[in-house]
Amino acid sequence: MSILVKPDTKILVQGITGGFGARHAKLSLDYGTQLVAGVTPGKGGQLFENTVPIFDTVADAVKQTGATVSTIFVPPPFAADAILEAVDAGIDLVVCITEGIPVNDMVKVKRAMQGSKTRLIGPNCPGIVTPGTGKDSHGGCRIGIAPGYIHKKGNIGVVSRSGTLTYEAVWQLTSRGVGQSTCVGIGGDPVNGTSHLDVIKMFNDDPETHGIIMIGEIGGTAEEEAAEWIKQHCKKPVAGFIAGATAPPGRRMGHAGAIVSGGKGTAEAKIAAFKAAGIGVAATPSEMADVLLKMM
Amino acid sequence: MNIHEYQAKQLLKQHGVAVPAGDPCKTIGEASAAAAKIFGSGHKLAVVKSQIHAGGRGKGTFKSGFQGGVKLAKSADEAVAHARAMLGQVLVTKQTGPEGRQVNTVLIASAETIKKELYLAVLLDRANSRPLIMASTEGGVDIEEVAEKTPEKIVKEHIDPAVGIQPYNARKVATALGFKGELFGQACKLIIAVYKTWWECDAAMVEINPLCIVEGPDGKESIVAVDAKIGLDDNALYRHPDILAMRDLGEESPLEIEASKHSLNYIKLDGSIACLVNGAGLAMSTMDIIQHFGGNPANFLDVGGGASKEQVTEAFKIILSDPNVKAIFVNIFGGIMDCNVIATGIVAAVKETGLKLPLVVRLEGNNVAAGKKTLAESGLTIISADTMSDAAQKVVKSVA
């Protein structure tokens, strides 16, 4: 098992003919991911890399290929529409990689998704990887922009708001011979589809996940909410790291959601919440894997 | 992006919020005209307000010795005298730091007879991804303090984004603020207009502090936004060219402006160790780890996931133009990005900029062996490190 996606999950890519989308769709194909369709309005009927059919609409792509997951690479002004199109087509999981979507667009999208069966991951996220059993974890499900080869199939779940910090944690684990069940980047925007807590609950229920690394950063209170739940309910060891202790208040640190405002969302408060919940806190990002492995 | 108080009031006024009569002035001539207009229309008192993107203006001091960035004036001549003392001068407040900010614009507005000060703001509630109206009967003071000491005095009303603000939302807030009679309807209209300003401008926050009940020369009471602050969602500026035109580059650090031209995300800090990193999370934690080992970061710098050789060179130039920088820490996790491309970029940048400061490089990821070889064979004195901790300790030691 794993969470959210398995190696045989069929995925499609919205924005497959754009430079960024095409590059990463190709990398997913090379990784052995079941990429079965692409969507680019007006390019229906063409083939991507001579193998993957392209459709004009998500509804068509789903009908013809049975894809259940969509990855979104379309530019920010069109991303909200792309997400809602996937929801309308009955997709189970939408992973939105796009960075720079207006906050109010996401406020509307999130409201419109209430009551639908679709789960959204992101936006502004690196995506999801469930490693495969082949060389360099080949044969897994790679959705998004993470480097596939750094992974290794195993039993640690990783959840993070940051891309590169996810890769750091994964690489530390793999370098120590420890594999991952699934790695989930939930994204750095203030309004996102899936929270730390949502993913932690899934890892807690997944028999293949034996330990969890949770990486957070300044801004909002999602880490505190996850910590509170972990304290009460989580059966598995959790190690955590929070980025941004030295960030000046009131400044956005790269991610739209990484901002301390009105004294809220500080690294200090999040680390305190982690400690109170029995989460192993890595003092530096170099120690994320070691802190978890010591707890297991 | 932040805008000035007078610009925030222009946006609020466009959406139907009452603000005191007034004009922004960049010259003494404009100040004379603005002051004459106010006193000529029967007002007995005006206020001259320095326009900078920082709070604490009223209690601030100019480097010239002139006290107060916000001053009342009983005559047009007095208003012009205040404007003369402020324009072109550097104002230091508790939020500007000791370097202060140059005042290039003053707002000269009518000063109303204030009967009561309230607080009204609209922002995003990240906990449930919905717009939130926050209001309080305690206006004109630091709202964070009110929230901490007397949280019961803060009213919160969430708005359903599917339908937008409804009149009942406004009635609830107006009631909680204690509005009655004739002012009640006026308050409801104003609350709706403030919300619409927030939503239609794609603002991150609209804050009116204080929102005032004022008494006009005729003795009639009305509700006016006496001070206003608006922050905007940078991601949405592409659809608001009129608001983007309000950007005041004079309020931003020259290095940050230069960085944004090359799609680099740079924020200047006060320390001595410059960082060059890929990814926002890693860039933040690189600053943190420098401090963890006893150093001080000079900046936040995210070169992004697909940085080119040119961007790396520009990034070096930007961090080297900060005179406080004594060492550089390059921290790259090349996931998809080829470490050798980054290494080649670093070598080119060091040669082009003639770097003399200690440079610590930690490379990890795709094609790392080739990258390390490129650095080693460059003939440059580059301190190499294997882990972030190792690198951070080496760079902190290099400036000790």
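Domain bounds come from an automatic or database domain assignment, and in this predicted model the assignment for chain A gives domain 1 (10–121) and domain 2 (152–295).

**View 1. The two domains of chain A and the surface that they share.** Domain 1 of chain A and domain 2 of chain A have C-alpha centres that lie 26 Å apart. Nine residues of domain 1 of chain A and 12 residues of domain 2 of chain A take part in the contact. The size of an interface is often given as the accessible area lost when the parts come together. For domain 1 of chain A and domain 2 of chain A the buried area is about 810 Å², with 59% of it on carbon and sulfur atoms. On the side of domain 1 of chain A, the residues that lose the most area to domain 2 of chain A are A:Lys110, A:Arg119 and A:Ile121, which together account for 52% of what that side buries.

**View 2. A salt bridge between A:Arg119 and A:Asp198.** Side chains of opposite charge can pair when their charged atoms come close. The closest N and O atoms of A:Asp198 and A:Arg119 are 3.8 Å apart, and the count between domain 1 of chain A and domain 2 of chain A is one salt bridge. A:Arg119 is also one of the residues of domain 1 of chain A that lose the most area to domain 2 of chain A.

View 3. Over all chains, the count comes to 34 salt bridges.

**View 4. Helix α5 of chain A crossing helix α9 of chain B.** The axes of α5 (residues 163–175) of chain A and α9 (residues 280–292) of chain B come within 5 Å and cross at roughly 75°, and α5(A) and α9(B) are therefore roughly perpendicular to each other. The contact is made by A:Thr164, A:Leu165 and A:Glu168 from α5(A), together with B:Gly281, B:Leu282 and B:Ser285 from α9(B). Sorted by class, the residues in this contact of α5(A) with α9(B) are two nonpolar, three polar and one charged.

**View 5. The domains of chain B.** Chain B is divided into domain 1 (21–111), domain 2 (113–243) and domain 3 (253–399). Taken over C-alpha atoms, the centres of domain 1 of chain B and domain 3 of chain B are separated by 43 Å.

Methods
Residues are numbered from 1 along each chain as its sequence is written. Chains are lettered from A and ligands numbered from 1 in the order in which they are written. This is a predicted model: local features need pLDDT of at least 70, side-chain atom pairs count only at pLDDT 80 or more; totals for chains, interfaces and linings use all residues. Side-chain values use heavy atoms; hydrogens and water are left out. Axes are lines fitted to C-alpha atoms, for helices over the stretch in contact, and angles run from 0 to 180 degrees between N-to-C directions. Helices (H or I, at least four residues) and strands (E, at least two) are DSSP runs, numbered from the N terminus. Angles under 35 degrees count as roughly parallel, over 145 as roughly antiparallel, 65 to 115 as roughly perpendicular and the rest as oblique. Contact means heavy atoms within 4.5 Å. Ala, Val, Leu, Ile, Met, Phe, Trp, Tyr, Cys and Pro count as nonpolar, Asp, Glu, Lys and Arg as charged, and the others, Gly among them, as polar. Buried area is the accessible area (1.4 Å probe) that two parts lose on being put together, summed over both. A salt bridge is a side-chain nitrogen of Lys or Arg within 4 Å of a carboxyl oxygen of Asp or Glu.
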